[in-house]
Amino acid sequence: PFEEGVVPNGPVSQHSHVNRLYYAKTAILTHDENGILNFYNRATIDVFGFQPEEAIGQPSKELLVPKDRSLINEREAELEKVLKEMIKIEVPRTKRNHKDGYLVDIHAWVFPYEVRLGQFSHCAIVRRLESIATST
């Protein structure tokens, strides 16, 4: 088991701050400026079911966002503001795909992060609320 603040044997990165994020108890994911998932920590497995190696490199919209857009919280229309205005937003309840074919209710906080010098994209901290017995 991982202890908060302690880097385990066989860390995922040579950088201790990356290991702290990867092994955090809070689900954290990021994507690059093209919407490709580039960070997906262990706690995110419990929310969406995908292993990091299955999720990283995949388009986040195709992998996680339901095809039926009526299921998505209207606050998500504000996601463009995150990067344009450099603000964080809270999405209190919305739905996402789970690997096993059902939808999960999540609560998310989305904010900008710098992918590389001068280029920003989205980072999300996610909490699973409940499972919805609906196929995607």
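Biologist: In this predicted model, which helix holds S60?
Modeller: The model is predicted, so local features need pLDDT of at least 70. Helices are numbered from the N terminus. By that numbering, S60 sits in helix α4.

Biologist: Is S60 buried or exposed?
Modeller: A residue counts as buried under 20% relative accessible area. S60 has a relative accessible area of 11%. Therefore S60 is buried.

Biologist: Leaving aside neighbours within four places in sequence, which residues is S60 in contact with?
Modeller: Contact means heavy atoms within 4.5 Å. With its neighbours within four places left out, S60 has these contacts: H31, G35, L37 and V65.

Biologist: G35 is in a turn. Which strands form the hairpin there, and what is the phi of G35?
Modeller: The hairpin is formed by β1 and β2. Five residues lie between the two strands. G35, in the turn, has a positive phi of about 80 degrees.

Biologist: How do β1 and β2 run, and how many bridges join them?
Modeller: Strands pair if DSSP finds at least two bridges between them. β2 covers residues 37-40, and it runs antiparallel to β1. The bridges joining them number three.

Biologist: Which residues in β2 are the bridge partners of L29 and T30?
Modeller: Take the two residues in turn. L29 has Y40 as its bridge partner in β2. For T30, the partner in β2 is F39.

Biologist: Which residues of β1 lie on each side, and are they buried or exposed?
Modeller: In a regular strand the side chains alternate between the two faces of the sheet. In β1, A27, L29 and H31 lie on one side, with I28 and T30 on the other. Five of the five residues of β1 are buried. Both faces are covered, and the residues on them are all buried.

Biologist: How much space lies in the largest pocket?
Modeller: Rolling a probe the size of a water molecule over the atoms shows where empty space is left. For the largest pocket, the space comes to about 750 Å³.

Biologist: Which residues lie nearest the centre of the largest pocket?
Modeller: The lining holds 31 residues. Nearest the centre are H31, K61, E76, L79 and R96.

Biologist: Which element supplies the largest share of that lining?
Modeller: Elements that each supply at least two residues are β1, α4, α5, β3, β4 and β5. The largest share is six residues. That share comes from β5.

Biologist: How do the lining residues divide into nonpolar, polar and charged?
Modeller: Gly counts as polar here. The lining of the largest pocket has 16 nonpolar residues. The others are eight polar and seven charged.

Biologist: Is K95 buried or exposed, and which side chain does it join in a polar contact?
Modeller: K95 is in strand β3. Its relative accessible area is 18%, so K95 is buried. A polar contact of 3.0 Å links the K95 side chain to that of D105.

Biologist: Is K84 buried or exposed?
Modeller: K84 belongs to helix α5. Exposed means over 50% relative accessible area. K84 is at 65%, so K84 counts as exposed.

Biologist: How far apart in space are K84 and P112?
Modeller: In sequence, K84 and P112 are 28 residues apart. C-alpha to C-alpha, the spacing is 9.5 Å.

Biologist: What pattern does the chain follow along the sequence?
Modeller: The chain has five helices and five strands. Read along the sequence, the pattern is α-β-β-α-α-α-α-β-β-β.

Notes. Residues are numbered from 1 along each chain as its sequence is written. Side-chain values use heavy atoms; hydrogens and water are left out. On a 1 Å grid over the protein atoms alone, a cavity is a set of points where a 1.4 Å probe fits but cannot get out, and a pocket is an open set with protein on both sides within 12 Å along at least five of seven lines; lining residues have an atom within 4 Å of a point. Grid points are joined across faces, edges and corners, and a volume is the space filled by probe spheres set on the points. Helices (H or I, at least four residues) and strands (E, at least two) are DSSP runs, numbered from the N terminus. Buried means under 20% relative accessible area, exposed over 50%, partly exposed in between (1.4 Å probe, protein chains only). A polar contact is a pair of N or O atoms within 3.5 Å; within protein, one must be able to donate a hydrogen and the other to accept it, and residues adjacent in sequence count only if both atoms are side-chain atoms.
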